[in-house]
Number of protein chains: 2
Amino acid sequence: MTDLNSIGLAAKKAARELSRLSTQQKNAALAIMAEELLANEAQILRANSQDVANAKAKGLRPSLINRLVLDKAGLAAISQGLDDLITLADPVGEVVSGGVRPNGLQIQQIRVPFGVIGMIYEARPNVTVDAAGLCLKSGNAVILRGGSEAIESNLVLTMVLQDALIQAGLPGNAIQLIADTDRDVVNAMLRLNKYIDVLIPRGGAGLIRLVVENATVPVIETGTGNCHVFMDREGNFAKGIAITVNSKTDKPGVCNAAETLLVDRTVAAEFLPRVARELIARGVELRGCPESIAIIPQMKPATEEDWGMEYLDLIMAVKVVEGIDEAIDHITTYGTQHSETIITDNYSKARKFLREVDAAAVYVNASTRFTDGSRFGFGAEIGISTQKLHARGPMGLREMTTSKYVIMGDGQIVL
Amino acid sequence: MTDLNSIGLAAKKAARELSRLSTQQKNAALAIMAEELLANEAQILRANSQDVANAKAKGLRPSLINRLVLDKAGLAAISQGLDDLITLADPVGEVVSGGVRPNGLQIQQIRVPFGVIGMIYEARPNVTVDAAGLCLKSGNAVILRGGSEAIESNLVLTMVLQDALIQAGLPGNAIQLIADTDRDVVNAMLRLNKYIDVLIPRGGAGLIRLVVENATVPVIETGTGNCHVFMDREGNFAKGIAITVNSKTDKPGVCNAAETLLVDRTVAAEFLPRVARELIARGVELRGCPESIAIIPQMKPATEEDWGMEYLDLIMAVKVVEGIDEAIDHITTYGTQHSETIITDNYSKARKFLREVDAAAVYVNASTRFTDGSRFGFGAEIGISTQKLHARGPMGLREMTTSKYVIMGDGQIVL
């Protein structure tokens with residue numbers, strides 16, 4: 001098995017150098033990385049074809065193979081992603097808080113890189129480049145562990161990125177890939193507290209659980225989204241229909257898509273047929289509670305399990321509720337604290353929903369699909385955190401830093 | 001063994017109520033808690049005497065018994081601590097960031113309570129009240145697990161606090177103590193992800209390690225401090241001596257006390273005898289590198305182990321270094337990223353030290369002893385974090401919150 005200690009030590013050393021770089025130096029490296037990806041297009045696509053051929057030979061599911069495939073346009077988009085990072089503000093050095101104490105000590109809390117970030121992810125090779133770029137811009141060294149299906153692509157991508165770093169005069173070890181596809185390597189990585197400051201897993205529920213349950217290194221969990229739309233009795237029907245359809249069908253396979261529609265009993269008989277028509281027209285399968293089925297007989301019955309499901313598909317659970325309190329109770333019981341929205345024109349209910357729903361993003365009269373780094377204006381995101389520690393919701397460059405207190409004195413001692 | 005699920009469920013329910021309270025309601029409860037501690041003084045001190053008697057019968061070390069003892073003055077100070085919390089700003093609801101997106105969506109990131117905090121700590125019964133007060137003020141329910149030595153004191157203290165909560169019209173379960181002293185309970189608590197949002201261990205290195213290595217619930221590590229004073233060749237001797245003596249001897253048993261003195265070779269022969277005289281006069285045992293011993297022959301030789309020690313005692317390791325680079329290398333190798341200080345009047349070296357030393361608090365010309373919530377102006381602290389995730393350095397009320405994004409729209413959908 002690969003010796004992670006030498007990788008960790010090299011990363012730590014690179015991290016110290018990165019923490020001293022100016023924004024200009026990091027941006028220059030990003031520009032070279034973006035260029036080199038395009039210059040090495042043939043080699044990258046060839047390695048990717050090899051991954052795809054191997055995956056097909058192994059009989060991998062078509063949806064997984066889809067995620068694996070990289071074409072010219074895809075590579076150009078990845079390269080453009082690095083160029084886009086250049087325009088974003090560097091979080092390192094930002095003063096978070098500060099002031100002067102009565103004894104004259106000047107205390108400032110400033111943003112600094114974490115040091116070494118460990119990324120564990122699955123099949124998509126674009127994550128290799130995205131993560132490397134975000135880590136570099138935020139001054140962090142990164143140790144990448146991608147899925148074994150994408151190993152050939154990842155090896156070439158990492159080599160190209162490392163060459164670019166060296167061209168830019170930066171340490172090549174700022175971006176390292178663990179080439180060993182042995183699963184035990186992941187377990188060792190989860191406990192490499194000596195060298196890794198933070199772990200960010202990106203992938204399905206199984207991967208996230210593995211990391212959360214076994215890591216001793218601090219983890220930022222990028223979790224699943226069982227998101228709800230609640231149609232209040234005082235909500236506008238047109239907005240309710242548009243937001244439900246958008247939240248469910250705009251991109252059903254992502255974590256900010258809605259999975260359950262809750263409808264206030266008072267308006268259920270009037271609202272449900274109208275929203276169901278639009279959803280069904282877009283191929284959505286509806287699974288309802290008995291009351292919903294009484295209104296829309298073609299719905300399948302929802303089981304207890306449906307309320308907790310992240311379908312990631314054109315399926316939506318539907319439940320009639322007594323009012324806002326039952327809606328909030330349902331969300332509290334079954335939600336994953338990701339994104340929740342209420343459709344209402346009642347001021348007090350809007351305030352109540354915003355205050356009492358415990359989730360990363362809580363909306364009034366807007367689609368859950370907005371929970372996203374670029375739609376929030378962060379420019380880029382490393383993932384969406386559903387945990388409460390450190391970062392919650394979309395994580396941009398700012399969330400990839402920690403802080404330190406810098407204190408300047410003139411000989412002060414405590415009395 | 002105690003069923004932690006029912007405790008967890010009750011805490012979660014209480015947390016939902018707490019999150020809705022106004023600052024006034026929380027302050028009123030704190031005032032009643034402070035009063036009730038004094039009103040129940042006899043009962044509390046009797047229970048504490050029982051703990052102390054049990055500890056003596058078991059042959060506990062005097063230093064541990066010392067931490068356990070509560071007297072009239074100690075209880076009054078604890079009660080005053082709750083009153084002091086009333087005057088502090090409530091972090092809940094604070095707008096961290098916000099703005100309006102081009103499509104009219106108004107996005108605000110606001111501070112909200114974590115929900116349920118799990119505190120695992122050792123012998124000091126004052127932690128029971130301090131933690132309960134800080135959690136309440138920050139809108140969190142708390143599950144307390146104190147050391148078995150303090151169980152009688154903790155039972156009475158918790159009962160008094162719960163009665164006070166109920167008097168104030170708040171849920172009594174906002175503060176719960178796990179009365180079961182079975183060690184397996186701690187292990188179960190570490191994995192109670194369903195009900196506990198964050199764990200904060202407070203105690204010795206063994207307890208912290210147990211929690212970090214076994215918890216699946218996110219942890220805020222309050223770690224150990226192996227802090228350094230670096231005397232640069234361009235530093236002022238008087239300041240260097242005062243800061244070294246203060247950092248080492250003001251309160252040697254705490255994490256922000258200095259453990260190692262690093263001295264630039266150029267000034268070692270002149271500086272070391274002067275600072276050693278002051279340290280030895282205050283009973284400090286010095287353990288030096290060979291070069292230091294050549295200057296101060298009465299020093300004991302320091303072993304490799306000494307460089308990594310948190311003595312928490314009147315002992316100090318001393319090392320002569322080539323200059324700032326070797327000093328930073330030494331701190332990087334042996335430090336625990338807590339508090340580090342340089343004594344210098346050189347502008348560039350001050351900047352370099354502040355930038356390159358990776359620690360929660362980095363000082364120029366000031367004592368490491370300032371790393372403390374109240375000395376930083378936070379008013380109170382739950383501990384000093386040495387991890388990089390979420391909070392780093394002294395943690396006040398602000399660090400006991402998470403955030404959520406609150407988004408107000410008028411029917412926006414993603415296009």
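Predicted model: local features only at pLDDT ≥ 70, side-chain atom pairs only at ≥ 80, totals over all residues.
**Entry: domains of chain A**

I started with the domain assignment of chain A. Domain 1 is given as 4-223 + 391-408, and domain 2 as 227-370. I then looked up how far apart the two sit: their C-alpha centres in chain A are separated by 36 Å.

**Entry: how the chains are related**

Next I put chain B onto chain A.

**Entry: the contact between the chains**

I looked up the residue counts here: chain B puts in 54 residues and chain A puts in 54. On the chain B side, the elements giving two or more residues are α9 (205-214), α10 (237-249), α15 (347-356), β13 (361-366) and β16 (401-412). Which of them gives the most? That is β16(B), with 11 residues. I sorted the chain B side by residue class as well, and got 25 nonpolar, 14 polar and 15 charged.

**Entry: α2 against α6 in chain A**

I turned to a helix pair within chain A. Helix α2 (residues 23-39) packs on helix α6 (residues 126-137) at an angle of about 165 degrees, and their axes are 9 Å apart. The cut-off for roughly antiparallel is over 145 degrees, and α2(A) and α6(A) are therefore put in that class. The crossing of α2(A) past α6(A) is right-handed. From α2(A) I listed K26(A), A29(A), L30(A), M33(A) and L37(A); from α6(A), V129(A), G133(A), L136(A) and K137(A). By class, the residues of this contact come to 6 nonpolar, 1 polar and 2 charged.

**Entry: α3 against α7 in chain B**

Last, a pair in chain B. Helix α3 (residues 41-57) and helix α7 (residues 151-167) have axes 7 Å apart and an angle of about 160 degrees, which makes α3(B) roughly antiparallel to α7(B). On α3(B) I found Q43(B), I44(B), A47(B), N48(B), Q50(B) and D51(B), meeting I151(B), E152(B), S153(B), L155(B), V156(B), L157(B) and V160(B) on α7(B). I sorted the residues of this contact too: 7 nonpolar, 4 polar and 2 charged.

Terms used
Residues numbered from 1 in each chain as written. Chains lettered and ligands numbered in written order. Axes fitted to C-alpha atoms, helices over the stretch in contact; angles between N-to-C directions. Helix = DSSP H or I, 4+ residues; strand = E, 2+ residues; numbered from the N terminus. Parallel < 35°, antiparallel > 145°, perpendicular 65-115°, else oblique. Left-handed = near helix turned anticlockwise from the far one by under 90°. Contact = placed C-beta atoms within 7 Å. Nonpolar A, V, L, I, M, F, W, Y, C, P; charged D, E, K, R; others polar. Domains from an automatic or database assignment.
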